[in-house]
Amino acid sequence: MSEPANNFAKNRFDQRVNYAYRFSLGVAILFSTLFISLLFFGRSLNSDITVSTYVTLGLCALTAIISIFLCRRGMSTTGILLVIASLILLTASRIFIAKGLAVSTGIINIITVAAIAIYTLPRNWIARVISLAFLNAVVTILAEQFITNIPSAKNPGVANAVSIAIGLVFLGILLLRFPRLTLRAKLLVSFIALTILPIVLLGVQTYRATHQLLEDQIKAEVLRAALDAGGDLQTFADSQFVTLSTQARSSDIVNYISLSPLARANSEEEILAQETLKSFTKNAPTYITAYSITDQSGKVVLDNNKNNLGVDYSNQDFYKYVLETRKPYASGLAKPAGQTDYSFYIAAPIFSKSNELIGVYIKTYNASLFQDLMVQVIKKSRALKAEVGFSYIMDRSHAFVLAHSSKANFAYKTYLAETPETIQALAAQGLIDPAQADGRFISQPETAAELQGLEETATFELPSPALDYDSALSTAVLIRNTDWAFVVSAPTSTVTGLIQEQTRNVVVTSIILMALAALAALWAANSFTKPIAEITEVAQSISAGDYGKRAAVHTRDEVGLLADSINVMGEEIQRSIETLESRVQRRTADLSQATQQSDKRAKDLQTIAEISRSISTEKNPEKLLTLVTKTVSERFGFYHVGIFLLSEDKKLAVLRAANSKGGQEMLARKHSLGVGQTGIVGYVTSTGLPRIALDTGADAVFFNNPSLPDTHSEMALPLTTRGTIIGALDVQSVKPNAFTEADTAILSVLADQIAIAIDNSTLLEAAEASVEETKSIFAEYLTEAWQKKAETGVIGYRQTLTGGETLTKNNLALTENGNNGNGNGHSLEVPIKVREQTIGVLNIKPAVEGQEWAEDDLTMIASVAERLGLALDNARLFEETSTRATRERLVADITTKIRGSNNPQEMIKTAMDELKQALGATKVEILQEKNNNSSQDH
């Protein structure tokens, strides 16, 4: 074997060893992390974790660590085979841990093993290992479908999520390697993916559709049973409402409750009403324990049981409902004071003869009636006889079970969560005894929340206490005008057997189809790749120098055309070799020239950048122009550099800066050129286009300047900013043909930078002048405003230890001549400023003679003076604004009053009266101006 081939093989081996080490390290970290995570968080995840789970995970982690050691010793193939064997063992062991995980782990195992094998194993091992992983996945999936007595996964989502995450990672790694695979491997993988993926998707879709169909059937059956049974319970409630409403309309009861409270006692109406209640009780069922009549305040005023007199129902929800809706209503579970049995109430409104609600008629029922109703409903309902599951009647307000078809001991227990707040609330209503609260709770707050928010019907799937908190599919039906809900539930496990059978059929069919697809893919890959491999061998021979090698053409399809192309290529290469050296030499020379030009352009661009940085720091326009000419001349080695700027009328290009001696002479005589008239500078400032004069003697546009006699080539570039030409950059050289088009492009960048710098400098100068002018105007305005303020009489304020006073010009003179000081200490005068303008003085005298001012005192006083200035100016502005607003409002009011009349005389009179009142004048006259024709006074 040749030396290049040996080097290639060695590099490939080293690469496989490197990949093997990385994969082993990654697998070791992955499974060690999973092992440790399950130790700490496994129980909280409620996952299917057994001893075998820890054993397999630990074995995989240990095998990966051994593989790391073997890779370091150069035995990477052995180490990777151990890792792959542990992964295959892990997949096979899943069927003995929990049912429902084989499909996901099997597919993920194929992807993982394929990725590891392709990166780390020799070619003769790759196909074997992938085939073994595929066979293991098939056997594992089939075994899971037919082996019984394997517990179903309680929470397969966690395991599947972890498997999918791992599979996606290795699938990404596999796809990264896909472009480097052989054509045979690519075709094989593509064919298998294109055939197996639809089969898998079809199987998944079939499984989901079957599961959904069975689940919908169960839901429909549960809903039908709930509606059927709920209808029977609704019929019972409606019959009670009819009876109750009929009795509430009894004339004796209406006449009695219509009396005033003071007239009811011992009245004839009361005797008749009592007799009526007794007549109701004679034929009443035994489960009705009390008949009560309340007034509008909610207190019982008449009852067949005298112990109930005075009981107040005004805070009960059922009583409030009757008052608000004026309809009968049945309450939830209740426990009247002094009774040991649970009860519930059915209430109906009592209307007067004028149809006004004057009271409420209430019957108290023993809660044991609900269990009897449950038995009757089950006997009558055909849907419940179909054994869809179990049913119960629920008190929606407090989630108490009123009756249960299979768990009679659930009666009068609540689904609310057992918390101190809940216990306290239920105890306050007498529904539970706090000392025996532990036996009154069946914690299922999710179901309680569903029922409390029930409107008509609701279907939900939640854990059920009746099934030891296994999942149940439930439908709840609201009983109208009651606090009751009838719930029918069916365990979700009822569809498990049917789903398993359907899944088994889908899996077996899918595996058969996938096996056929794999065989077809293998045959197709071999058919396509064999002739291509022969052509590849010929191409390799040609690339090695055997240009006489030719490929055999067996067919006239694309492969045959490829063989012809290879043969033609060999002939072309043989002819091309002869002229290759000359082409290489020419291209080398061209490359060298291009490199030199690139170096020059890079150096020029770097120089331009340095120039831009240096001129960007100068703000004075005149200094900036001088700096530009000097810097450009020094950096580029130009004989003369000048900057022309246009005059205000845009007719002349005036030289504003130059570096050469001749340029200085031109500056002294204020040299200028006509725009569009003289020289290439005039041309550039007129057109805005660069211009080069390679030979100043032959260029017709060139202007012969006696101050620059050594110029042999010249280039002028427009200075343009914001789309406007402001001047030109003129550079001259003592060499003929010193400038090229490339120089124009490079120096145009510099010209743009110079134009921007000039424009920025000009704008800055104008802005500074504007700021100074604004400051001057504001200072004048502020001074004038405070002078006017001082003319009003009040010029300050004095505060002493004895009190304070307002200062005017008069009392200021008196107090200055008097003895109102506070001692002869060093007085302190601090100017009161507003935006650097002094508007007053803060004069402070110490209380103690000879007192010196501390630094902190001076700082504090200065701060106070600063804030005082702002406050005083704000007050002045507010006062001016208020005065102006008052004046405007007064004018508007007078104008409105004048417009209130259409009579001119009335309008004039209104204007005079309002002006007199507003100005406080004693007399207001309006005089008409005299003219030549007539005059009239008003």
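Colleague: Which strands does helix H10 lie across, and at what angle does it run to E2?

Modeller: Helix H10 (residues 268–282) lies across E1, E2 and E5, and runs at about 55° to E2; axes here are lines fitted to C-alpha atoms, for helices over the stretch in contact, with angles from 0 to 180 degrees between N-to-C directions. Contact means heavy atoms within 4.5 Å, while helices (H or I, at least four residues) and strands (E, at least two) are DSSP runs, numbered from the N terminus. This is a predicted model, in which local features need pLDDT of at least 70, side-chain atom pairs count only at pLDDT 80 or more, and totals for chains, interfaces and linings use all residues. Residues are numbered from 1 along each chain as its sequence is written, and side-chain values use heavy atoms, leaving out hydrogens and water.

Colleague: What makes E1 and E5 a pair?

Modeller: Two strands pair if DSSP finds at least two bridges between them, and 7 bridges join E1 (residues 288–295) to E5 (residues 357–366), so these antiparallel strands qualify as a pair. Within this pairing, Tyr 291 stands opposite Lys 363 in E5.

Colleague: Why are E2 and E3 called edge strands?

Modeller: The open antiparallel sheet has 5 strands in the order E2-E1-E5-E4-E3, and strand E2 (300–303) and strand E3 (329–330) each pair on one side only.

Colleague: Why is Thr 721 called buried?

Modeller: Buried means under 20% relative accessible area (exposed is over 50%, partly exposed in between, with a 1.4 Å probe and protein chains only); Thr 721 has 9%, and is therefore buried. Thr 721 is found in strand E15 (residues 713–721) and touches Ile 726, Ala 755 and Asp 759, not counting residues up to four places away in sequence.
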